[in-house]
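Hi,

Here is the model I promised to pass on.

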Amino acid sequence: MPSFSATTGGVEPTSTTGRSVGAVVPHTAHFATPLPLACGRVLPQYDLAYETYGTLDSARANAVLVCHALNASHHVAGYYADDPDNVGWWDNMVGPGKPLDTNRFFVVGVNNLGSCFGSTGPVSMNPATGAPWGSDFPLITVEDWVDAQAQLADRLGIRQWAAVMGGSLGGMQALDWAIRYPQRIRSALVIAAAPNLSAENIAFNEIARQAILTDPEFHEGNFHAHGVKPRRGLRVARMIGHITYLSDEQMEAKFGRQLREGLKFSFAPEFQIESYLRYQGEKFAEYYDANTYLRITKALDYFDPATRAGGDLARALAPATCRFLVVSFTTDWRFPASRSREIVKALVRERRDVSYAEIAAPHGHDAFLLDNPQYHAVVRAWFDRIGEATPVSQPAQELPAHEPVSSGP
Amino acid sequence: MMNVDAPVANAMGRADYATIGSWIATGARVLDLGCGDGALLRFLAEERRAGGYGIEIDDAGVLASVRNGINVLQSDLERGLAGFDDGAFDVVILSQTLQAMRRIEAIVTEMLRVGREAIITFPNFGHWSHRLQVLRGRMPVSPSLPYQWYDTPNIHLCTVADFDAFLAARRYRVLDRVVLARGRAARFAPNLTGELAIYRFRKQ
């Protein structure tokens with residue numbers, strides 16, 4: 001697996017207080033029970049790659065699920081013994097003494113279905129054909145992911161999460177947990193998220209998809225059979241996405257109009273920003289799967305819990321009973337603070353317990369991956385409160401112990 | 001908005017909390033505007049099982065409120081209370097924040113839109129020590145107004161008599177009024193002896 005310094009890759013996270021969880025080992029859980037999907041199809045069997053940090057307490061009440069965004073994975077924290085530079089994408093948030101303290105909480109990171117880092121997705125073998133699923137892999141939704149995560153929770157013996165936490169698309173998963181599994185979640189941290197995508201958000205996703213779909217080497221998704229990869233499409237998709245993760249202010253500060261070696265009157269990269277975007281696109285095309293990118297952007301586009309309640313977000317959130325922490329960042333224009341405020345307003349209308357922090361940060365959407373002191377202090381305080389709260393009593397029903405099925409991706 | 005008077009609250013032993021608490025029905029829905037560190041909401045949750053939200057603009061206040069375990073929403077009161085429905089709360093509290101706000105009429109109107117009742121507390125500019133300092137030709141500095149003229153966040157100071165007139169002109173019905181002097185209700189000439197005014201009022 002490639003190294004993710006950040007999901008969206010814009011700014012390198014800096015170290016914060018606390019230590020690393022150290023060397024970690026990914027696990028794979030196999031599920032033989034078919035999973036019905038929102039699209040109407042059924043996944044006959046599937047694998048979920050996951051990692052855990054910390055220790056599940058005897059009441060199994062200290063588990064926290066961390067959901068990933070567009071292109072990250074189950075590798076949330078720590079590093080791999082044989083690949084020490086491959087540091088988890090939220091390593092500044094999760095670890096001993098960090099805001100989500102693994103000395104107190106048992107943290108689970110899971111790779112979502114349809115992704116390309118170990119969980120079943122387009123690059124996996126389709127047992128029915130013996131070839132990679134490729135374009136035949138179903139389109140998946142946030143709800144499908146959460147249903148699969150619930151299966152993993154059962155497998156790990158976790159009846160109720162102390163918290164489900166995520167940024168961006170990960171925050172949408174936390175929101176969905178709160179709505180559709182209210183008994184299984186005590187608190188939700190919805191960070192840099194939105195209740196659905198705006199037309200502009202969908203528009204950016206569509207350009208990214210078109211870049212991939214029109215790449216001659218895409219071969220309608222079956223590029224594996226042709227021994228090629230739609231790199232050009234992936235590169236452009238990543239470049240577009242990347243712009244939306246940064247703020248104008250941050251880009252100006254980092255690159256401005258800096259040139260690499262003066263004007264050359266050519267289409268070679270002349271401005272630093274061009275060279276940076278090309279580098280990011282190149283890196284991404286190397287490790288990411290095009291079919292996965294198409295599906296995850298679609299999952300983003302489709303997410304809209306209010307549609308199940310006649311367009312009324314408050315009514316959609318009515319089943320939720322957990323405590324919410326909603327966080328937004330002032331320079332995030334991909335999912336601006338106003339979108340988080342919509343979630344807050346709906347929760348207030350339903351008289352739910354919710355706190356909302358609007359973090360002043362210059363880094364745009366990417367800010368959720370960085371260790372802004374106020375942001376991390378608020379998350380830390382939130383987990384301190386959760387740690388103090390008495391968990392609801394566990395049901396008598398015995399669940400299987402946490403037993404990784406197999407190791408390594 | 002962060003409470004601008006933390007030293008005052010401490011100096012007064014949070015005597016206003018007890019007064020406010022006595023006016024809050026058990027289980028009431030409360031909105032605390034400018035909730036600071038959330039101590040009042042926590043007090044009301046513990047003493048009155050009151051639920052609701054605090055609004056705070058300041059980062060330190062939001063963080064302290066999360067630590068206090070109350071529901072805090074980071075927002076600028078000057079933008080109004082558009083996030084809240086009409087009549088969503090039993091009581092809306094503005095504790096020692098009024099004097100630092102720009103648009104007084106707007107916030108009072110909003111309070112009585114989203115709440116059935118409003119509780120407003122403010123430092124009484126009419127206190128004798130303030131009057132004396134003005135007579136001597138200086139801007140007052142006191143335990144309830146601990147700032148110098150050049151660094152004060154207070155832009156709309158008023159006296160008990162001023163606020164009485166303000167409410168009367170708008171035909172609001174005053175349900176309770178307590179003016180605290182050294183933590184106790186002032187019996188004699190409250191506009192002269194009182195440091196902190198606490199009002200509970202509603203529409204007619």
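**Strands in chain B**

Strand β5 (residues 115-123) of chain B pairs with β8(B) in the antiparallel sense, over six bridges. Strands here are DSSP runs of E with at least two residues, helices are runs of H or I with at least four, and both are numbered from the N terminus; two strands pair if DSSP finds at least two bridges between them. In that pairing, Ile119(B) stands opposite Arg200(B) in β8(B). Strand β6 (residues 173-181) of chain B also pairs with β8(B) in the antiparallel sense, over seven bridges, and there Arg177(B) stands opposite Tyr199(B). Strand β8 itself (residues 196-202) is mostly covered, with six of its seven residues buried. Buried means under 20% relative accessible area, exposed means over 50%, and partly exposed is in between (1.4 Å probe, protein chains only).

Before you go further, a word on how to read this: it is a predicted model, where local features need pLDDT of at least 70 and side-chain atom pairs count only at pLDDT 80 or more, while totals for chains, interfaces and linings use all residues. Residues are numbered from 1 along each chain as its sequence is written, chains are lettered from A and ligands numbered from 1 in the order in which they are written, and side-chain values use heavy atoms, with hydrogens and water left out.

**Aromatic rings**

Rings of Phe, Tyr and Trp (its six-membered ring) pair if their centres lie within 6.5 Å; planes under 30 degrees apart count as stacked, over 60 as edge-to-face and the rest as tilted. That rule gives 28 aromatic pairs over all chains. Take Phe117(A) and Tyr287(A): their ring centres are 6.1 Å apart and their planes at 40 degrees, so the pair is tilted. Phe117(A) lies in the loop between β8 (106-110) and β9 (125-126) of chain A and Tyr287(A) in helix α6 (residues 272-287) of chain A, so this pair ties together parts that are 170 residues apart in sequence. Phe117(A) is buried at 5% relative accessible area, and Tyr287(A) is buried at 17%.

Then there is Trp161(A) with Trp177(A), an edge-to-face pair at 6.1 Å centre to centre and 85 degrees between the planes. Trp161(A) is buried, with a relative accessible area of 1%, and Trp177(A) is buried with 0%.

Back in chain B, Phe122(B), Phe163(B), Phe166(B), Tyr172(B), Tyr199(B) and Phe201(B) form one aromatic cluster.

**A buried arginine**

The backbone oxygen of Ile158(A) lies 2.7 Å from a polar atom of the Arg184(A) side chain.

**The core**

A nonpolar core is a set of buried Ala, Val, Leu, Ile, Met, Phe, Trp, Tyr and Cys residues joined through side-chain atoms within 4.5 Å. The largest one has 177 residues, and Trp90(A) and Phe324(A) touch the most other members. Leaving aside neighbours within four places in sequence, Trp90(A) is in contact with residues including Val66(A), Met165(A), Ile191(A) and Phe368(A). Apart from that core lies another, of six residues, among them Met251(A) and Phe255(A).

Cheers

Key:
Contact means heavy atoms within 4.5 Å. A polar contact is a pair of N or O atoms within 3.5 Å; within protein, one must be able to donate a hydrogen and the other to accept it, and residues adjacent in sequence count only if both atoms are side-chain atoms.
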